[in-house]
Amino acid sequence: MTGILHFDPRGEISSLDFMAEAVDLADARMRLLSNSAQLMMNVILLYIFAVNTWRAFTMLHVNLRSLSNWCCYIQALMGTIFGISAMFLKLTSLVSCREGVWIAMFGLAVSGICVTLCLLHKAYVVRLHDRRILWLGVLFVPPQFVNIYYGWFTSRIINVPEAAFIIRYPHQYPIIRA
């Protein structure tokens, strides 16, 4: 542990370095299988987010003044950025597992804020521009930063042969997140 950040040496290496650390053939197969499974999921998610980013961009192009269109576009763009960084994580030595998790947690927080703003805007319009809705809705934005705090500062990021890289959240995270 360095300062307030929890660093585990197993989370500071890239996927290629992780696969190179195999001690025997069975271990190498397990590491390759776990990394391949994560790579497959990342490719599927990148495709979904890229398509959604393009659709959100076309919606945004039609009406630039719509808050919902901007939130939809930013949310899809965050997923695409994460998908691209996940590809760099799995295919190069440029990104460590910890840096990949930091990007994912930032995108998750921005995505949650976009959803909250979109729902808040819809409620504001439906309630005939009642400003009390805005004041109440502002209370739901700061909890989105819980993901960044727990993902960056209190969670352990490690590489294990059975599952490639994983995040170990503190026990209280699911309760606080809910």
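Q: What's the secondary structure here?
A: The protein has 7 helices and 2 strands, taken as DSSP runs numbered from the N terminus (helices H or I, at least four residues; strands E, at least two). This is a predicted model, where local features need pLDDT of at least 70, side-chain atom pairs need 80 or more, and totals for chains, interfaces and linings use all residues. Residues are numbered from 1 along each chain as its sequence is written, and side-chain values use heavy atoms, without hydrogens and water.

Q: And what pattern does it follow along the sequence?
A: α-α-α-α-α-α-β-β-α.

Q: Switching to Arg98: where is it?
A: Arg98 sits in helix H4, residues 97-126.

Q: Buried or exposed?
A: Arg98 is buried, with a relative accessible area of 13%; buried means under 20% (1.4 Å probe, protein chains only).

Q: What does Arg98 touch?
A: Leaving out residues up to four places away in sequence, Arg98 touches Phe7, Gly11, Glu12 and Ile157, with contact meaning heavy atoms within 4.5 Å.

Q: How much of the protein is buried?
A: 38% of the 178 residues.

Q: How far does the C-alpha trace span?
A: About 65 × 35 × 20 Å along the principal axes.

Note on methods
Buried means under 20% relative accessible area, exposed over 50%, partly exposed in between (1.4 Å probe, protein chains only).
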